[in-house]
Structures are given as C-alpha cells and as structure tokens.
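Follow its partners, then one of its residues.

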Amino acid sequence: MALAGEAAVCFLGTGSLGYGAAQEALQLAAARGAPVVFVLSWYTDGPFSAPLAVEPAAYGTAIGLKVAVVSGADAAAVKAAVVSVGDGPALVVASMPHA
C-alpha cells in the first residue's frame, strides 16, 4: 500500500496484457485515479506481442493513464520515466528488443 504522496510501482511482463486481470488492474487504476505506476517490460517482437490488437502505449492512453515510452535497455531512462509520470495512475512502457 502506498503512503500519502507516494505511488505503488507494479512490474508487468509482455504476456501479462493478454490476461483480463492485468487489463482490469490498469482500467481500475485509471477509473479510480489510483496512485500506481505500471512498468511494462515490452518485448516488441516477442512471441506474446502479436496477439494484442493495439500497442500498450495506445491502450494506456485510451483508458486514461499517463503514458511514457522508453528504452527498457536504459535503466536510467526507465527510472526517469517513472519519476516523470508522477504518482499515477500511469503506464511506463519499457520497450525491449527480443534476443
């Protein structure tokens, strides 16, 4: 649980957006203005990226989340993105090439 003035940070993997529970968590956070920042490790060409009908950043924007897209290979950029979105609700998409 986040303390007053702080946000909880939740880390998600590429395949998680294919599950209703993850989508519901994002939608509920947006609807309730919850102080949470979701950080998605998004493998752009991985086996779980194809089934989604829309890019994660577009999905986050559509449901009302603050969104930042950064290179997941740059830890400093991910940290800066988390700080830049404030106390949420927000989605930081850390794009990663699939190895």
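Lysine 66 stands opposite alanine 90 in strand 4. Helices (H or I, at least four residues) and strands (E, at least two) are DSSP runs, numbered from the N terminus. The chain goes from strand 3 through helix 3 (residues 75-84) to strand 4, and this β-α-β crossover is right-handed. That term applies if, with the strands pointing away from the viewer, the path from the first strand over the helix to the second runs clockwise.

This is a predicted model: local features need pLDDT of at least 70, side-chain atom pairs count only at pLDDT 80 or more, and totals for chains, interfaces and linings use all residues. Residues are numbered from 1 along each chain as its sequence is written, and side-chain values use heavy atoms, with hydrogens and water left out.

Two strands pair if DSSP finds at least two bridges between them.

| Partner of strand 4 | Sense | Bridges |
|---|---|---|
| Strand 2 (residues 36-43) | parallel | 7 bridges |
| Strand 3 (residues 66-71) | parallel | 6 bridges |

Serine 41 has alanine 94 of strand 4 as its bridge partner.

How many of the 7 residues of strand 4 (residues 90-96) are buried? The count is 6. Buried means under 20% relative accessible area, exposed over 50%, partly exposed in between (1.4 Å probe, protein chains only).

Valine 92 is found in strand 4. Valine 92 is buried, with a relative accessible area of 0%. Beyond its neighbours within four places in sequence, valine 92 is in contact (heavy atoms within 4.5 Å) with residues including Val39, Ala68 and Val82. The C-alpha atoms of valine 92 and serine 41 are 8.7 Å apart, with the two residues 51 apart along the chain.
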